[in-house]
Amino acid sequence: MAAYDYDLITIGAGSGGVRASRMSSGLGARVAVVENLRTGGTCVMRGCVPKKLLIYGAHFAEDFEDARGFGWTPGDNAFTWSRLIAAKDQELDRLESVYHNILAAAGVREINGTGSLVDNHTVAVNGKTYTAETILIATGGWPSMPQIPGIEHVITSNEALDLPDLPKRIVVVGGGFIAVEFAGIFNALGADVHEVIRADNILRGFDDAIRVGLREEMTKKGITVHDGLNVTNIEKQQDGSFRVNFDEGPPLDTDLVMYATGRSPITKGLGFEEVGIELDSKGAITVDDYSKTSVDNIYAIGDVTNRMNLTPVALAEGMAFAKTVYGGTPVSMAYDNVPSAVFSQPPIGTVGLTEEQARTRGPVDIYMSSFKAMKHTLSGRDERSLMKIIVDQESDVVVGCHMLGADAPEIIQGIAIALKCGATKTQFDSTVGIHPTAAEEFVTMREKQT
């Protein structure tokens, strides 16, 4: 008789948890996965996927306008928010069904409810206990907000995806990728958008040229960015609107307030610390290179570890876990040259080091190109693309590539392969471009920035 009910219990059925569970099952483990919300997790149900569907819908506003420059005469265009939300919900239902089928086909049992640790081998769910030789924590993260007066009146990205009506005015608080993405969605669909940030510019941590470029494009599109402000309180008015007050300057009146000021690992109240799992100062689970926690038989992957909070990274961590624990091949996740995107309008794609990061390591050469995309020579749209290459001066190795403009995430995905292989600027230069494309700029930039 088996010593435990399962070889592996995974707490959290998001992207990382599902991947780790089904791959471990495929390697012979008896696996159960516990989830208290929807299978698919943040990315599929409350993040990347529904958000990008809304971005697709929002972008039609510009597409209809641009069509005139190409000889089209669009008719009367009418947008219905509820139809977009209904279509989005239908797709999420389909995707969740796919995830259920994938787990079932892999022989993984799904247990619905909140999983908490009783001891290092026992998980409690809905009053029942289940034992496992190994436990994997993949609980992810959740939007976090400051405790200021009136914070109960605001929404987060979770609620923004399910609003019953499109607001006429909205204040988005935050300067990260979630904030700029939703600011772009609401603006494109006709809302009056004000984005409020504490810093001097949006997207802290991204390359400065890209940050400045995106802010300029957002401003052109009608988004007002207020920098250097701290929200002190939010007041609900008699007519149902809201007043956002700041530490200095006049208040903003709006129909809706959205906070996108960060996310916190989901670790509280789940028994993690009680069984000896070490957490850092932000509440994230501390792990080693193989995702093992301070408790030998308990591992953690994804946003709950706060290493690099990207869905593909969680997937890769889940795969590495399965190979390490059940595949007989210890695998650690490599976090260098991981590409990422911001689905702003226009979007950003980036891989490698920013200029600021690269300069701390030694002398660099910088190549940049700013241009109007060919499409807009006829559409007349005042939108510029920006590309940047950062090269280690001594080795000629390309250490960073950044792009702002249409299709940037698609282009950077290919560029990321080159950086992962250690490509040099000489190799970029010797690569023949595809003409006419925006992507060819990455292999035709020759003049260094002074």
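A residue counts as buried when its relative accessible area is under 20%, and as exposed when that area is over 50%, with partly exposed in between. The legends below describe a predicted model.

**Figure 1. Salt bridge between R211 and D208.** The closest N and O atoms of this pair are 3.1 Å apart. Both residues belong to helix α7, which covers residues 208-220. They are three residues apart, which means a separation of about one helical turn. R211 has a relative accessibility of 11%, so R211 is buried. D208, at 44%, is partly exposed.

**Figure 2. Salt bridge between R94 and E91.** The side chains meet with an N to O distance of 2.8 Å. Helix α4, spanning residues 81-105, holds both partners. Because R94 and E91 are three residues apart in this helix, about one helical turn separates them. R94 has a relative accessible area of 46% and is partly exposed. E91 is partly exposed as well, with a value of 25%.

**Figure 3. Salt bridge between D429 and R446.** Here the closest N and O atoms lie 3.2 Å apart. D429 sits in helix α12 (residues 425-430), whereas R446 is in the segment after α12, so the pair ties together parts that are 17 residues apart in sequence. D429 is partly exposed, with a relative accessible area of 26%. R446 is partly exposed, at 46%.

**Figure 4. A network of salt bridges.** Shared partners link E62, D63, E65, D66, K221, K375, R381 and E383 into one network. The count for the model comes to 28 salt bridges. Side chains of opposite charge can pair when their charged atoms come close.

Conventions: Residues numbered from 1 in each chain as written. Predicted model: local features only at pLDDT ≥ 70, side-chain atom pairs only at ≥ 80, totals over all residues. Heavy atoms only, no water. Salt bridge = Lys/Arg side-chain N within 4 Å of Asp/Glu carboxyl O. Helix = DSSP H or I, 4+ residues; strand = E, 2+ residues; numbered from the N terminus. Buried < 20%, exposed > 50% of the residue type's maximum accessible area, 1.4 Å probe, protein only.
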